[in-house]
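Here is a short briefing to read alongside the model.

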Amino acid sequence: MDRRDFLALSTFFTGVALTPALFGKAIAADQLQNDIELAVKKRLADAALAAATAAGASYCDVRVGRYLRQFVITRERNVENIVNTESTGTGVRVIADGSWGFAATNEMTEDAVAAAARQATAIAKANARIQTAPIQLAPTPGVGEVSWRTPIKKNAMEVPIADKVDLLMSVNDAALNAGASFVNSLLFLVNEQKYFASTDGSYIDQDVHRIWAPLTVTAVDQSTGKFRSREGLSAPMGLGWEYMDGAAEDKFVLSNGLTTYGKSYDMKEDAIAAAQDAQTKLKAPSVKPGKYDLVLDPNHLGLTIHESVGHPLELDRVLGYEANYAGTSFATMDKRDEGFKYGSEIVNLFADKTQTGSLGAVGYDDEGVKTKRWDLVKDGTLVDYQTIRDQAHIVGKDASDGCCYADSWSSVQFQRMANVSLAPGKTKMSPADMIAGVENGIYIAGRGSFSIDQQRYNAQFGGTVFYEIKNGKLGPMIEDVAYQMRTPEFWGACSAICDESDYRMFGSFFDGKGQPSQVSAVSHGSSTTRFDGINVINTARSLG
Amino acid sequence: MSILSEAQAKAILDKVIALSTADEVSAQVGGGITGNVRFARNDISTSGIVDEAELAVQVAFGKRIGTATINQFDDASLERVMRRAEDLAKLAPENPEFMPAVAKQTYRATDTFSEATAALTAEARAKIAEASILPCRERNLVAAGFLEDGQTFFAHANSNGNFGYQRSTVADYTCTVRTEDGRGSGWVASNVKDVAQFDAANDIQIAMRKAAASADARALEPGKYTVILEPAAASGLISFMMNFFDARSADEGRSFLSKQGGGNKIGEQIMDPRVNIYTDPWDPTVPTLPWDGDGLPRERTKIIDAGKVANLQYSRYWANKQGKPETAGWGNTIMEGGTKSTAELIAGTERGILVTRTWYIRMVDPQTVLLTGLTRDGTFYIENGQLMYPIKNFRFNESPVIMLNNIEELGRSVRVEDGSIMVPPMKVRDFTFTSLSDAV
């Protein structure tokens, strides 16, 4: 689920919202580049490990975190707000008497983290009273003192605020000059400085960077009372400021001129296109409902992968740990054992926490497990799930898949989705080749409305732009399109996948899960993909 | 430290405001102690306590604004947070929509605090989890749930001499009960200010009954049906719609409340005349803080009056631009209802569908507030006033505006969701289900 959309985010930080507690304390721009000394983090971690062990914990891990964010929020020719936030503290998780306990403190002293460790141990012991089976952790080798950093070329936090303001103002000007009635644009930068230590003997220092540059353009026709918005076609990425370069080699251009983006984004170009598209949408014909062959751009398909593959193959959902909130999963363990057909023979879906440029890429997860790539669906057959250390034994694995994450030092880490992606087709095929083979279809790019049931069977997706495909040719833009699907039938209708040269990543910046709810960021790669005979509904209504 | 008294909070705010060299300054200090327990598979899975307080400062040099926050309260920390806010303000470009801090206001306190909730202990939380889990273990059912409770304080002040302080409490409980074979699922929720009004042992019976009764669901054809939406189910759509009562968006022509040709729909009939929605910070069931984020005092305000749009929300900037009075942002939503319970609505229904809750609701078309989502955790077919059998879940594509034009009957309004909304159970005709879901 994406719990917070761009609108909500803008509202939160616009004008008078004085308490960005969700995102930590705000700090001056020049302080975003400092780090906590490694020796300080190790000293704090050792204090917590020792205190937990002395209090009777059989296992302890400590996360000393500094979470930095920067937002630049604009509408039309105004900068609405610039916000810098910082949140620093330590979370301590223990196993005592076979149960988990967790406590966190923002006091960066050895006494405070030791007290948190003792509190976590006491909570674990209290919980053990009605625990029916002790926690089992899959073994993970201690790795000693290691470090990892997102391979960015230019730290976006170090770019002067004036440059960011200039960029967004030029983007908004371009949209308004191209006929937009309104435009909102935003820069959202994240830097997680995470230090992990455990009683297994690991001391892992990681510096994780992410960037997002969403925009929304709206066109209004007051004479008809109609309005239409067109979102930008960027994706949040695990990249630095180099993502904003707009490199020509990272542009993917359709025969009708629609441009989508890979590892580099031309925000101004997209804003102009968005302004033109928003105006076209006001007059575009409404879709005729029925069965269509869909050709889905990677920046659209990523969300469908996220909802219909990424979530149902999270083992905590399969087991029932999310039953009261996000839900369970149709992809039960008996289905994996029976070789359940998740999709057609050409469907290969994999999880990968190491993909360069992806939102989920880290060296180690938040319980010290080295990250990797593995198969979830192979040649159309369900083969595996995503696990963390206390689940691995349940699916017969002897090691975690490295899917543990917490969105803050103050949140307890739990199972979160890896980057889950559709492998590109093995034979040469471009989007143009694919479209040429479609008689009656719809091409969809960008994210739109999305909703799926609590077991991930029944879903409905909209998009950003829709084009009719008739007899192998892209036609005009159409509107009011949403497709409804049942997960196994949808993936079973996958009939063609473009080759590796078309592979790109979609991203979800605020995937929500857990109680209390936590967010995580995750990417989903694919090439343009075709699905045959999918049910399309018309979403136009009248309020009379 | 984290629950500050009014005097302590005022001392900190006064001290930090005095440190400012900016043209004006606003400051807020808030915090609380929040406890939680989460359980699943009939075992406790996590629990914890968070105890924190935070100071936020916003300064302005002319029309340049900077904001900073900190969670330490010694003199050096207060100095640091003020200098950070001032540094940011100097880096920011001028905002033409800048509004100066509000003048000194008078607030009438609202009753948002309960001693019983503030006194809840970790042991009490564990007992609530136990009261949910043990009956399920005995009946071969599986419970997954969450309780979060907290006491908070909030104080704000500005360089115009304005000041407010208040404490609040809330306890929020949800529990999903499933049959062991996964063919049935039920749900219950309770959100209260005062834990004395909450009884997990009683609530869990509702979820258990629905779980057991919802196995062996039959498939009905998608289409338009008369539905009885329980308050939680109706609230899913109505609270979503309430996000779009912004005057500026309506005036700009990009809202369902925009009028063709320009302007907004204030005064226009958009719903059934039985629909009355208002906001009231002093409401005893859903009290909220007596001020908004700007420090403006909240008032009881009609939103929908006999189906007509009575008021929209104006930001201070937009109110001034449009020549309207500055009014506070709404803190709660109250939809009036009748006197009947959900059970009485069912008893008076010849044919229909009972919906326990709605789930994964997303906007499909903002032009009409067309929403999509699904039913979940207890959907039943009603015939001749009786629940006849469980039915498979549906996906709906429906606008709450259309839904509130199709009202057959409203029941008694109750507090739901996060405690900021009251919604009645409602019987609605022609509710649009567009596909079946196999999910349980």
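This is a predicted model: local features need pLDDT of at least 70, side-chain atom pairs count only at pLDDT 80 or more; totals for chains, interfaces and linings use all residues.

Residues are numbered from 1 along each chain as its sequence is written, while chains are lettered from A and ligands numbered from 1 in the order in which they are written.

**Chain A overall**
- Chain A has ten helices and 28 strands, which are DSSP runs (H or I, at least four residues, for helices; E, at least two, for strands) numbered from the N terminus.
- The radius of gyration of chain A is 24 Å, which agrees with the value near 24 Å for a compact globule of 544 residues (taken over C-alpha atoms; the rule is 2.2 Å times the number of residues to the power 0.38).
- Along the principal axes, the C-alpha atoms of chain A fill a box of roughly 70 × 55 × 45 Å.

**Contact between the chains**
- Chain B gives 81 residues to the contact and chain A gives 66; two residues are in contact if their C-beta atoms, placed from the backbone, lie within 7 Å.
- On the chain B side, strand β2 (residues 43-61) of chain B provides the largest share, eleven residues.

**A helix pair in chain B**
- Helix α4 (residues 122-138) of chain B and helix α5 (residues 200-213) of chain B have axes that come within 9 Å and cross at roughly 40° (lines fitted to C-alpha atoms over the stretch in contact, with angles from 0 to 180 degrees between N-to-C directions).
- Residues making this contact include B:I128 and B:A131 of α4(B), and B:I204 and B:M208 of α5(B).
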